[in-house]
Amino acid sequence: MMKAAICSQYGPPEVLQLQEVAMPLCKDNEILVKIMATAVNSGDVRVRGLVVSGFLKIVMRLVLGFFKPRRPILGTVYAGIVVETGKNISQFKVDEKVFGITGFKFGTYAEYISVNEKSIVTHMPINASFEAAASLPFGWHTAIHFLERAGIENVKKPKVLIYGSTGSVGVAAVQLANYFNVALTVVCSSEGRELMRNLGVDNVICYDLQDFTQTPQKFDIIFDAVGKTSKPVCKHLLNTGGNFVTVGGLDMATEKVIHLQFIRQLFEKRKCRAIIDRVYPFSDIVAAHAYVDAGRKKGDVVVTMCEIDEVVK
């Protein structure tokens, strides 16, 4: 048996309940991972609360389960230790440290997870803690997907605006933009200005002090990293041929192993930092969700699979 956070219905953070459930079996093409850390991201709270509107709510119910999550153990990212391997496994060995992302298969709010060797999993950066490794996949995969889609590699020294730069996706997008040596402007609250300065951003627009849509600057790429603005609002800020991309539409980030390996390489070369706002023990996963729900986090909220004092029944 293992401990897991079960989501038996859509709703507020309190719908998550710690229970004991059967451990997953390790099939021939799978590795069994003891999860040491996971994270609570914006996508996690949207799924738990079904926080979408209009037609998207119907789509999400069809994908996830109409009245409750079809897969009750939520969570999409993990870092941990391989404790068992199937007979057909060639890439991983017992006791190796790995990290990965499960997407709509979920399952990381648990002490153990069994994943296919060919899923989005790879060895952890050698210089990363479990907490740091768990904080990376969601934000970085999303940032890579959308900035590549916007053509960040196709324009020499592009001018880029990132709206919502202090969240999990935002801080990854800022670092990725710096990696590509773009002319970067970010939009965040005045509370996030110091974090942006620490990430090497000089041009910061604080939305609580000024209207970013009134800036005289023009951009080749505008990336809405929080899904709270739109192309009609930003269209006049785009250069001819410029691209607007947002996490708020129907386009879902595609996770790829090569992206996870790229993230690992960047972290090992110290060109990628884990920005962690808070760390909660697994026993406080409801509090972790409540904090993310509040919309004030800077970077990532990590959950560690530490020992829970009392037996969960």
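Reader: Why does aspartate 28 count as partly exposed?

Author: Aspartate 28 has a relative accessibility of 37%. Buried is under 20% relative accessible area, exposed is over 50%, and partly exposed is in between (1.4 Å probe, protein chains only), so at 37% aspartate 28 counts as partly exposed. The structure is a predicted model, where local features need pLDDT of at least 70, side-chain atom pairs count only at pLDDT 80 or more, and totals for chains, interfaces and linings use all residues. Residues are numbered from 1 along each chain as its sequence is written, and side-chain values use heavy atoms, with hydrogens and water left out.

Reader: What makes aspartate 28 and lysine 87 a salt bridge?

Author: Their closest N and O atoms are 3.9 Å apart. A salt bridge needs a side-chain nitrogen of Lys or Arg within 4 Å of a carboxyl oxygen of Asp or Glu, so the pair qualifies at 3.9 Å. Aspartate 28 is in the loop between strand S2 (16–21) and S3, and lysine 87 in the loop between S4 and strand S5 (97–101), 59 residues apart. Helices (H or I, at least four residues) and strands (E, at least two) are DSSP runs, numbered from the N terminus. Lysine 87 has a relative accessible area of 68% and is therefore exposed.

Reader: How many salt bridges does a search of the whole structure find?

Author: Three. Another is formed by arginine 48 and aspartate 293, with the closest N and O atoms 2.7 Å apart. Arginine 48 lies in helix H1 (residues 42–49) and aspartate 293 in helix H9 (residues 285–293), so this pair ties together parts 245 residues apart in sequence. One more joins the side chains of glutamate 191 and lysine 298, at 3.9 Å from N to O.

Reader: Is arginine 48 buried or exposed, and how do you know?

Author: Buried, because its relative accessible area is 3%.

Reader: Why are glutamate 191 and lysine 298 placed in classes of their own?

Author: Glutamate 191 has 64% relative accessibility, so it counts as exposed. Lysine 298 has 19%, so it counts as buried.

Reader: What makes strand S8 and strand S9 a pair?

Author: Two strands pair if DSSP finds at least two bridges between them. Strand S8 (residues 159–163) and strand S9 (residues 183–188) have five bridges, in the parallel sense, so they pair. Lysine 159 has alanine 183 in S9 as its bridge partner. Both strands belong to an open sheet of five strands in the order S10-S9-S8-S11-S12.

Reader: Why are S10 and S12 called edge strands?

Author: Strand S10 (203–206) and strand S12 (238–246) each pair on one side only.

Reader: What makes strand S3 mostly covered?

Author: Nine of the 11 residues of S3 (residues 30–40) are buried. S3 also runs antiparallel to strand S6 (residues 112–116), joined by five bridges. Its antiparallel pairing with strand S4 (residues 77–85) has six bridges, and that with strand S14 (residues 300–304) has four.

Reader: How do you know whether serine 165 is buried or exposed?

Author: Serine 165 has 0% relative accessibility, so it counts as buried. It lies in the loop between S8 and H5. Contact is defined as heavy atoms within 4.5 Å. Beyond neighbours within four places in sequence, the residues in contact with serine 165 include Gly170, Val186 and Met196.
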